[in-house]
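Subject: Structure for you to look at

Hello,

Here is the structure I promised to pass on. Please open it before you read my notes.

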Protein chains: 2
Amino acid sequence: MSEYLDDLDTGPCVGLVEKQAFTFGSADEPMTLESGRSLGPVALAFETCGSLNAARDNAVLVCHALTGDSHVAGRYQEDDPKPGWWDIMVGPGKPIDTDKYFVICSNVIGGCMGSTGPMSPDPTNGPTDGPTDGPTKGAPYGTRFPVVTIGDMVRCQRRLIDHLGIDRLLAVVGGSVGGMQVLEWSVRYPERVCAALPLATTTKHSAQAIAFNEVARQAIMADPAWNGGDYYATGRPEHGLAVARMIGHITYLSDESMRHKFDRRLQDRCELSFDFEADFQVENYLRYQGNKFVSRFDANSFLYLTKAADYFNLENQHGDGSLVASFARARCRYLVVSFTSDWLYPTYQSKAMVKAMKKNGLDVSFCEIEAPWGHDAFLLPNPRLDALIAGFLDRVRGQCSAGECEERGTHAL
Amino acid sequence: MSEYLDDLDTGPCVGLVEKQAFTFGSADEPMTLESGRSLGPVALAFETCGSLNAARDNAVLVCHALTGDSHVAGRYQEDDPKPGWWDIMVGPGKPIDTDKYFVICSNVIGGCMGSTGPMSPDPTNGPTDGPTDGPTKGAPYGTRFPVVTIGDMVRCQRRLIDHLGIDRLLAVVGGSVGGMQVLEWSVRYPERVCAALPLATTTKHSAQAIAFNEVARQAIMADPAWNGGDYYATGRPEHGLAVARMIGHITYLSDESMRHKFDRRLQDRCELSFDFEADFQVENYLRYQGNKFVSRFDANSFLYLTKAADYFNLENQHGDGSLVASFARARCRYLVVSFTSDWLYPTYQSKAMVKAMKKNGLDVSFCEIEAPWGHDAFLLPNPRLDALIAGFLDRVRGQCSAGECEERGTHAL
């Protein structure tokens with residue numbers, strides 16, 4: 001996702017928040033991943049906003065997108081220049097209203113923002129079935145880190161929810177790769193989710209989406225500094241990672257939004273340069289985004305998280321190849337949202353999931369929002385999206401606290 | 001463009017062809033480029049098929065796309081595994097019928113297929129206004145090669161046409177970046193073109209098209225082997241160039257064509273690998289195309305040719321900012337063709353040029369062809385395209401030989 005929030009006034013803020021850590025498992029008692037490989041201990045960085053009520057039924061789990069983190073809203077310190085990444089959506093009086101809801105957001109495993117990932121120290125000096133001539137004990141995993149899946153990410157989040165003493169989430173919400181986690185939650189732990197809000201997402205990547213991710217990965221792995229993933233002591237593959245990020249940014253915008261935002265305007269000049277400097281604003285924007293990303297993100301994490309997104313396939317993993325069957329166990333209410341100009345996860349993909357949900361008799365609200373901003377639209381201010389999310393959460397809060405969820409669950413089983 | 005022709009039966013072939021060379025100018029008497037810089041001598045590699053008639057009015061100039069070459073049709077030797085890149089279109093009895101037309105195709109300057117470009121020896125050891133501490137005399141230009149434009153390419157082609165003793169081309173035809181050259185011909189040398197066929201092209205790159213090219217260039221320049229463009233003695237930036245090509249291939253296909261061609265099918269396996277090998281066929285395809293390209297193309301040329309395409313802006317260069325005005329000098333008949341799934345140069349861009357042509361009272365035929373294959377569609381077998389081109393050429397041949405062109409030209413002036 002882009003970082004449009006740079007210039008946004010995000011309004012009333014949830015205030016100061018704190019990054020916390022939850023750890024489970026160990027090298028001796030690891031978690032078994034969907035790949036069959038082991039991982040332990042597993043740390044999750046997470047943050048919360050608002051208060052868990054006495055009935056413990058007002059928790060909303062927010063799942064972040066590809067390169068996001070647990071810092072969903074608020075500030076760590078009063079003078080932080082920027083609040084969390086979805087501060088326009090999460091806060092007092094905002095659509096995900098922290099006066100009403102207890103909001104939780106954790107960094108995914110495989111990430112690099114506090115949760116266990118390829119840059120974490122490897123306590124076993126490589127996994128038990130991995131190479132034995134690797135780096136010294138406690139050195140970063142690098143590519144000895146096991147490939148994780150969206151399912152693995154959600155399984156870890158469930159451990160966190162257990163740890164927080166929450167039986168059932170009022171809602172799970174997220175856009176893009178976060179939306180994949182939402183879908184996964186809804187079919188993997190149907191008894192633990194009252195409502196699910198998959199936004200600007202898909203049940204499986206198209207060949208084109210895989211293609212963009214693959215080229216981005218190739219850009220990283222082609223950088224000699226990547227060094228097979230062992231670069232933490234020698235210097236990071238900054239060039240490759242910047243190129244990978246630039247590719248991503250093209251897919252987050254749209255032809256129309258790029259025309260609106262940049263068209264063919266020149267950067268700091270009146271004439272073409274006739275050299276290979278950035279002539280056009282769009283070139284400068286991409287270079288800026290690429291370089292900025294490099295300072296905050298780990299290249300190996302990028303490889304793992306894009307791979308997890310490419311592997312995600314709800315119908316194969318939960319429906320034996322049938323999208324309809326993959327929702328057979330779901331019981332929650334859904335709000336599915338797509339955006340007209342999102343060509344990374346186009347509306348036809350949202351419509352396919354909605355159709356499959358409805359064939360299972362599920363309670364589904366679907367809205368395609370007219371927006372020119374491409375895939376990024378779910379992160380941008382949009383009164384329509386705000387109203388949809390606020391209204392939907394209000395409705396399910398009433399239904400869940402009235403016990404309709406339990407009845408519905410029993411019925412559905 | 002992709003190389004779908006690998007598996008195509010291209011039918012009757014024009015037979016054996018020969019790559020020829022035409023050289024003009026010298027280091028002492030160079031050509032002045034649109035940038036103001038000098039280039040000389042200039043060599044153009046070119047090929048011809050068919051015969052120039054006595055009236056010298058049956059010549060068709062074919063302009064190749066970004067990474068094409070002069071080898072448009074036929075074979076160099078009987079046992080060549082593949083014919084030229086547009087053999088399905090050019091040959092005896094084919095839409096551009098070599099029994100009727102004398103077909104000419106030359107490699108653009110800035111290219112690497114025989115015409116002067118950044119890998120050519122620099123006779124002046126860097127241009128006169130360039131650095132003086134460069135490599136030895138006669139070493140390749142590298143990035144000391146001047147940035148060239150579509151206009152420069154066309155000016156060189158005009159010198160070739162002069163050399164061949166052709167006053168007026170019956171037609172200029174080309175797709176993609178070749179189509180830009182067609183447009184440029186039609187407004188720069190209106191008295192020398194009877195008909196113009198810009199296919200799957202645009203009068204100026206969108207911000208999104210520039211963005212894709214810029215990321216591809218960054219991939220090349222981020223490769224340490226690129227070495228500021230001086231890699232001819234040290235080893236080429238193969239990794240960067242392969243990534244650049246992969247990006248291109250995504251834009252040449254479409255969401256639909258990728259789904260049709262690859263969907264999520266796995267490559268040589270039944271299960272996901274849970275590593276960073278190519279799991280999906282689309283990944284394998286991109287890697288294959290990237291690696292294949294590296295063996296035939298020069299990375300610096302890729303930089304120069306994409307830059308020329310990004311710089312192309314018919315309305316700025318010929319219409320003082322007005323697309324309508326840019327066609328004011330044109331006199332030819334146009335056949336403009338776009339393809340429904342081409343998202344690199346979408347139909348709205350062709351419609352804009354058609355509208356501007358019509359406002360000048362020009363004779364324009366326009367067709368948007370329904371095709372799922374994305375930008376590549378213009379290179380693929382398509383009976384509709386064949387019929388359009390064959391019919392259009394037949395019509396203009398009758399009109400031109402009847403002298404209607406001259407009358408029209410006089411009238412338009």
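Predicted model: local features only at pLDDT ≥ 70, side-chain atom pairs only at ≥ 80, totals over all residues.

The interface

Chain B touches chain A through 54 residues, and 54 residues of chain A are in contact with them. The area buried between the two chains is about 4700 Å². Carbon and sulfur atoms give 69% of that area. Three residues stand out: B:Arg264, B:Phe274 and B:Phe276 supply 18% of the area that chain B buries against chain A, more than any other three residues.

Polar links are there too. Between chain B and chain A, 24 residue pairs are in polar contact. On the side of chain B that touches chain A, helices 3 (207-221), 4 (238-252), 5 (255-261), 6 (281-294) and 7 (299-311) of chain B each give two or more residues. Helix 3 of chain B has the largest share, 11 residues. By class, this side of chain B has 29 nonpolar, 10 polar and 15 charged residues.

Symmetry

Chain B can be laid on chain A with an RMSD of 0.0 Å.

Salt bridges

The whole structure has 38 salt bridges over all chains. Eight of them cross the interface of chain B and chain A. One pair is B:Glu214 with A:Arg287, whose closest N and O atoms are 2.6 Å apart.

Inside chain B, B:Arg188 forms a salt bridge with B:Glu34, at 2.2 Å between the closest N and O atoms. This pair links distant parts of the chain, 154 residues apart. B:Arg188 is in helix 2 (residues 177-188), and B:Glu34 is in the loop between strand 2 (31-32) and strand 3 (38-39). B:Arg188 counts as buried, at 18% relative accessibility, whereas B:Glu34 is partly exposed at 36%.

B:Asp162 has two partners to check. With B:Arg158 the N to O distance is 3.1 Å; both residues lie in helix 1 (residues 150-163) of chain B, four residues apart, about one turn of the helix. With B:Arg192 the distance is 2.7 Å. B:Arg192 lies in the loop between helix 2 and strand 10 (193-199), so this pair ties together parts that are 30 residues apart in sequence. B:Arg192 counts as buried, at 12% relative accessibility.

Best wishes

Terms used
Residues numbered from 1 in each chain as written. Chains lettered and ligands numbered in written order. Heavy atoms only, no water. Contact = heavy atoms within 4.5 Å. Buried area = accessible area lost by both parts, 1.4 Å probe. Salt bridge = Lys/Arg side-chain N within 4 Å of Asp/Glu carboxyl O. Polar contact = N/O pair within 3.5 Å; in protein donor to acceptor, adjacent residues only side chain to side chain. Nonpolar A, V, L, I, M, F, W, Y, C, P; charged D, E, K, R; others polar. Least-squares fit on C-alpha atoms with pLDDT ≥ 70 in both. Buried < 20%, exposed > 50% of the residue type's maximum accessible area, 1.4 Å probe, protein only.
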